[in-house]
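Please look over the structure below together with its sequence.

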Amino acid sequence: MVLRSSKDTLKWYPVYTYPRAEKKACEALLSKGIETYLPLQRQIKQWSDRKKWVEEPLIRSYLFVHIKENQQAAVLMTKGVSRFIYFDGKIASMPQRQIDDLKLVLASPFELEITAQNLQPGEKVMIKAGPLKGLKGEIISYRSQKQLALRLENLGYSIIINIAASFIDRF
């Protein structure tokens, strides 16, 4: 039987990048062989002479790396990377399930909104239909609408999804 220390296991870590450097930092990390996830969202941008669809980071200045603890220095020495995110005085890590949930949310047809506002917990619900079926979250009142908020722990952000009340059940 081989025992693995926590330093040998791969974990997801949120990383803070310099402003508007998310894509370059992601490319640099990938070129070092570091598994990286940069959640992107398609948005339409308006210029004075044209409109264009562009992919923007879902959470500005954030990306996620899947590394062992001993690879943290290599991440920090990457161009565009500012620092790791800390929670309770230590480097924050995220479970695989949260990364999977984030990917699922981005693959859905629902319109997303990111807010740094500290949303107050409310009634617990689970989505019962559609591509997000099985996802759990909290109902909040936001902009005078009932909406489902999926809280990503250790980030200080919440994802707000506009979804019909008929798609959710209490649990």
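Arg50 counts as partly exposed, because its relative accessibility is 41%, where partly exposed covers the range between buried (under 20% relative accessible area) and exposed (over 50%), computed with a 1.4 Å probe on protein chains only. Its salt-bridge partner Asp49 is exposed, with a relative accessible area of 60%; the two side chains meet at 3.1 Å, N to O. A salt bridge here is a side-chain nitrogen of Lys or Arg within 4 Å of a carboxyl oxygen of Asp or Glu.

This is a predicted model, in which local features need pLDDT of at least 70 and side-chain atom pairs count only at pLDDT 80 or more, while totals for chains, interfaces and linings use all residues. Residues are numbered from 1 along each chain as its sequence is written, and side-chain values use heavy atoms, with hydrogens and water left out.

A search of the whole structure finds 3 salt bridges, which are set out in the table.

| Salt bridge | N to O distance |
|---|---|
| Asp49 and Arg50 | 3.1 Å |
| Arg60 and Glu56 | 3.8 Å |
| Asp101 and Arg97 | 3.4 Å |

Glu56, which meets Arg60 in a salt bridge, is buried, with a relative accessible area of 13%. In the pair formed by Asp101 and Arg97, both residues lie in helix H3, 4 residues apart, about one turn of the helix. An α-helix has 3.6 residues a turn, so residues three or four places apart point the same way.

Of its 171 residues, 40% count as buried. Among contacts (heavy atoms within 4.5 Å) between residues at least 6 apart in sequence, 65% join residues at least 24 apart.

How far apart are the end C-alpha atoms of H3? They are 17 Å apart, which agrees with the 16 Å that its 12 residues should span at 1.5 Å a residue, the expected span being 1.5 Å times one less than the number of residues. Within H3, the residues Gln98, Ile99, Asp101, Leu102 and Val105 are buried. They cover an arc of only 160 degrees around the axis, which puts them on the same side of H3; the arc is that of the directions from the helix axis to the C-beta atoms. On the other side of H3, Arg97 and Ala107 are exposed.

Just after H1, Gly33 takes a positive phi of about 85 degrees.

In soluble globular proteins, nonpolar side chains tend to be buried together. A nonpolar core is a set of buried Ala, Val, Leu, Ile, Met, Phe, Trp, Tyr and Cys residues joined through side-chain atoms within 4.5 Å. The largest one has 22 residues, of which Phe64, Val105, Leu132, Ile159 and Ile161 touch the most other members. The elements that give two or more residues to this core are strand E5 (62-67), helix H3 (96-107), strand E10 (124-127) and strand E13 (157-161), and H3 gives the most, with 3 residues. Apart from it lies another core, of 13 residues, among them Leu29, Leu63, Val65 and Val81.

Two polar residues remain to be described. Thr78 lies in the loop between helix H2 (72-76) and strand E6 (81-84), and it counts as buried at 5% relative accessibility. The side chain of Thr78 makes a polar contact with the side chain of Lys32 at 2.9 Å, a polar contact being a pair of N or O atoms within 3.5 Å; within protein, one must be able to donate a hydrogen and the other to accept it, and residues adjacent in sequence count only if both atoms are side-chain atoms. A polar atom of the Thr78 side chain also lies 3.1 Å from the backbone oxygen of Val75. Not counting residues up to four places away in sequence, Thr78 touches Ala25, Ala28, Leu29 and Lys32.

Gln41 is found in strand E3 (residues 40-46) and counts as buried at 18% relative accessibility. With residues up to four places away in sequence left out, Gln41 touches Val54, Glu55, Glu56, Leu58 and Leu112.
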